Amino acid sequence: MSDLVSQTALVTGASRGIGRATAGALAAAGARVIVHYGSAAREAESLVAEIRAAGGKADAVGADLGAPDGAHKLAAEVRKLVGERLDILVANAGIATAASIEDQTVEEFDRMFAVNVRAPFFLVQQLLPLLGEGSSVVLLSSLAARASVGLLPAYAATKGAIDTLVKHFAALLGPRGIRVNAVAPGVIDTEMSKFARTEEGRQFTLGMQALQRIGHADDVADVIAFLGSDAARWVTGDTIQVGGGSKI
Amino acid sequence: MSHPVVLITGALAGIGRATALAFAKEGARLVVSGRRDDAGEKLVAELRGLGTEAEFIRADVRHEADVQNLVDKTVARFGRLDVAVNNAGTEGKPGPVTEQTAESYAATFDTNVLGVILSMKHELRTMQAQGSGSIVNLSSTMGHRGAPGASIYTASKHAVEGLTKAAALEAAAFGVRVNAVAPGPVETEMLTRFTGSADRKAGLVAGIPLKRAGRPEEIADAIVFASSDKASFISGQIIAVNGGKTAS
């Protein structure tokens, strides 16, 4: 697959998990990938090295997307690297902490909204001058936005906000030829969902899925790569559930 | 999978035909089906001209004997069935609810709903025996939204989405995925018949964020994706391919 040759892509939160797999998939398809990380510089650099070793193009950029100006700073760095055109923006960086209604703190609530909602919003805003006809934006939703799974009411609300943003962004940016979609992973075997690595977590997960295996980061990355590609040129405003048929 | 065996119903025009050509480009072996022998043989000649192994098998999906013969002959010819695209559909007779009859209901539901049930019945029997396969049904924006003057078509496509989810849950047990692709307005003969006038067609297109009607090839690309291993963790889902119509 080399359908993204000469395209530029930014993947936030790309040092680990779904973001890392996505950056790898986009690079394998020929895109030049900006690998954003929050704090895991070493993991991001190792991914860049892997991509380059395989003949691909990648650069790592750090930015704190929890800070009010984090998206602005990242956009400025991206602009320095790619110039005037960004073909694919994957706003993947996200954080999740489980907490009951009683135990939810204001600080953690605000931090999740800052990273999961505010940062994608302002990243799109700040990168708009680089996005144009044929550009594709992919946001990360979650199964939790659609169904009560786990003890995640505040996290789920951030992802509900993403589902809403997808529709408004797609409608507002459609006339400029920019597509905006989301993928909504179910339980995926990453650090964020490591409860699925316990037997109890595994049984819980399989109990709500049609397909009887735990999802991998690659399962989601392949769908994001599709949404970024020309094959999805008529797909916009959609949230695609990638959860092995969870809660259907 | 290299050279998957793909069966497409309603393959002689519009989205079905574009889907056959898209799968041909992917190296698939094809069975195209429809009700017109001359158009079928013409399409097969075109596909073979592209170097594709292809057969036309006449079938009217409203009749179980036809559907069973279609699946049986596919397996007899190619030895297996990897992908089925249940695309055969009709817009029926558009008109207000107050004018509908048992006949107008049957004219739409026999193809759009019974046809999908009968098709999945025989496709899934084959895929169950294989322990693998992927089905893509064709829904519509009207599979999850209403439209005046199209009550029966709307109801029939809502039924397709329900069938897709239930079948996905059953088929997961034997390693088969079932999804639907839901196009918005697409430049086909059906759209011209459906809208009835250039003004009505222009009005429909004005509501699409990407500001044009879709092309059959664009729906075909999404169908190919949904059927492929790239979508291996997607099942029971309805993928909207509509230029953002349902986002606005």
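Trainee: What is the strand order in the open sheet of chain A?

Mentor: Some ground rules. This is a predicted model: local features need pLDDT of at least 70, side-chain atom pairs count only at pLDDT 80 or more, and totals for chains, interfaces and linings use all residues. Residues are numbered from 1 along each chain as its sequence is written, and chains are lettered from A and ligands numbered from 1 in the order in which they are written. Helices (H or I, at least four residues) and strands (E, at least two) are DSSP runs, numbered from the N terminus. Two strands pair if DSSP finds at least two bridges between them. Here seven strands form the open sheet, in the order β3-β2-β1-β4-β5-β6-β7 (chain A), with parallel pairing. β3 (57–62) and β7 (239–242) of chain A are the edge strands, each pairing on one side only.

Trainee: How many bridges join β6(A) to β7(A)?

Mentor: Four, between parallel strands; β6 of chain A spans residues 179–185. A:Pro185 has A:Val242 as its bridge partner in β7(A).

Trainee: Across which strands does helix α1 of chain A lie?

Mentor: For angles, axes are lines fitted to C-alpha atoms, for helices over the stretch in contact; angles run from 0 to 180 degrees between N-to-C directions. Contact means C-beta atoms, placed from the backbone, within 7 Å. Helix α1 (residues 17–28) of chain A lies across β1 (8–11), β2 (32–37), β3, β4 (88–91) and β6 of chain A, at about 170° to β1(A).

Trainee: Is strand β2 of chain B mostly covered or uncovered?

Mentor: A residue is buried if 20 or more other C-beta atoms lie within 10 Å of its own, exposed if 12 or fewer, and partly exposed in between, with C-beta atoms placed from the backbone. In β2(B), residues 29–34, six of six residues are buried, making the strand mostly covered. B:Arg29, B:Val31 and B:Ser33 are buried on one side, and B:Leu30, B:Val32 and B:Gly34 on the other.

Trainee: Which strands pair with β2(B)?

Mentor: β1(B), residues 5–9, pairs with β2(B) in the parallel sense over four bridges. Parallel β3(B), residues 54–58, is joined to β2(B) by five. B:Ser33 stands opposite B:Ile57 in β3(B).

Trainee: Which residues have the most contacts inside the largest nonpolar core?

Mentor: Such a core is a set of buried Ala, Val, Leu, Ile, Met, Phe, Trp, Tyr and Cys residues joined through C-beta atoms within 7 Å. The largest has 158 residues, with A:Leu26, A:Val33, A:Val35 and B:Val181 making the most contacts inside it. Helix α5 (residues 153–173) of chain A gives the largest share, 10 residues.

Definitions and conventions
Two residues are in contact if their C-beta atoms, placed from the backbone, lie within 7 Å.
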